[in-house]
Amino acid sequence: MTDVHTGQVLSMIARMVCPMVALELGTFSGYGTLCLLEGLHQEGALHTVERNDELFALQDEFWSRHPRHSSIVRHHGMALDVLGKWPAEHPIDLVYVDADKQGVNGQLDALLPLMSKGGWMLFDNTWWNGTLADAVGPKPEALRTLNARLADDKRLNTVALPVGDGLTVVRKA
Ligand SMILES: C[S@@+](CC[C@H](N)C(=O)[O-])C[C@H]1O[C@@H](n2cnc3c(N)ncnc32)[C@H](O)[C@@H]1O
């Protein structure tokens, strides 16, 4: 879940990037979606993927109050399934990865070829509440692997911001 401070940073980054094609993996209440919407290009589309359709009424209630809500494209399903069918002619300029943490490395693999040149990737929870170094379990293990991959990949520029639960900002060269 995106806290208010992280949400403000998402909005600022979206304004800086001004994406034509933006994507969020994991919608939940739709708060992060609204933050990203603040910076979307006037003719852009903001896609968001959520597996749990019981959340859709809540999202609709929040989104309907935003004047640009018609730019949101909601996908019902699993992140990897949506990425697997992503049209190559619509490269992604900005993605916010905030779905299941165990799936984050598979999501990175699927996203890399779909990103535009100079595209931006944002990963939430990369500090795991400050416990990442010692935490045990599949989620922190996946996040440790992710952080190491992002740091080592020469195609990427990466910085981890101490915002909220840790927000890692990545630029694909
Ligand atoms: C941390 S919440 C997302 C918070 C949201 N981005 C925000 O800004 O408030 C994670 C959401 O991702 C959804 N989710 C988890 N794994 C998913 C997957 N593999 N594909 C699609 N949705 C997923 C969950 O149902 C949940 O609503």
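Colleague: At what angle do the axes of H5 and H6 cross?
Modeller: Roughly 35°, and the two axes come within 9 Å. Axes here are lines fitted to C-alpha atoms, for helices over the stretch in contact, with angles from 0 to 180 degrees between N-to-C directions. Helices (H or I, at least four residues) and strands (E, at least two) are DSSP runs, numbered from the N terminus.

Colleague: What should I know about the model before we go on?
Modeller: It is a predicted model: local features need pLDDT of at least 70, and side-chain atom pairs count only at pLDDT 80 or more, while totals for chains, interfaces and linings use all residues. Residues are numbered from 1 along each chain as its sequence is written, and side-chain values use heavy atoms, leaving out hydrogens and water.

Colleague: Back to the helix pair. Which residues of H5 meet H6?
Modeller: Val104, Asn105, Leu108 and Asp109. On the H6 side they meet Ala142, Leu143, Thr145, Leu146, Arg149 and Leu150. Contact means heavy atoms within 4.5 Å.

Colleague: How many of those are nonpolar, polar and charged?
Modeller: Six are nonpolar, two polar and two charged. Ala, Val, Leu, Ile, Met, Phe, Trp, Tyr, Cys and Pro count as nonpolar, Asp, Glu, Lys and Arg as charged, and the others, Gly among them, as polar.

Colleague: How many residues are in the largest nonpolar core?
Modeller: It has 26. Those with the most contacts inside it include Leu23, Ile92, Leu111 and Phe123. A nonpolar core is a set of buried Ala, Val, Leu, Ile, Met, Phe, Trp, Tyr and Cys residues joined through side-chain atoms within 4.5 Å. Buried means under 20% relative accessible area, exposed over 50%, partly exposed in between (1.4 Å probe, protein chains only).

Colleague: Which elements give two or more residues to this core?
Modeller: Strands E1 (21-25), E4 (92-97) and E5 (115-124), plus helices H4 (79-84), H5 (104-111) and H6 (138-152). H6 gives the most, with four residues. Apart from this core lies another, of 19 residues, among them Val9, Leu36, Trp63 and Ile72.

Colleague: New topic: H1. How many residues does it have?
Modeller: Helix H1 has 14, residues 4-17. It reaches 20 Å from first C-alpha to last, close to the 20 Å expected at 1.5 Å a residue. That expected span is 1.5 Å times one less than the number of residues.

Colleague: What caps its N-terminal end?
Modeller: Asp3 does. A side-chain oxygen of Asp3 lies 3.1 Å from the backbone nitrogen of His5. At the other end, Cys18 follows H1 with a positive phi, near 50°.

Colleague: And which H1 residues are buried?
Modeller: Thr6, Gly7, Val9, Leu10, Ser11, Ile13 and Ala14. Their cover includes H2 (31-37), E4, E5, E6 (156-161) and E7 (167-172).

Colleague: What does Cys35 touch?
Modeller: Gly7, Leu10 and Ser11, not counting residues up to four places away in sequence. Cys35 sits in helix H2. It is buried, with a relative accessible area of 5%.

Colleague: Last one. Is Thr126 buried or exposed?
Modeller: Buried, because its relative accessibility is 1%. Thr126 is in the loop between E5 and H6. Its side chain makes a polar contact with the side chain of Thr168, at 2.8 Å. A polar contact is a pair of N or O atoms within 3.5 Å; within protein, one must be able to donate a hydrogen and the other to accept it, and residues adjacent in sequence count only if both atoms are side-chain atoms.
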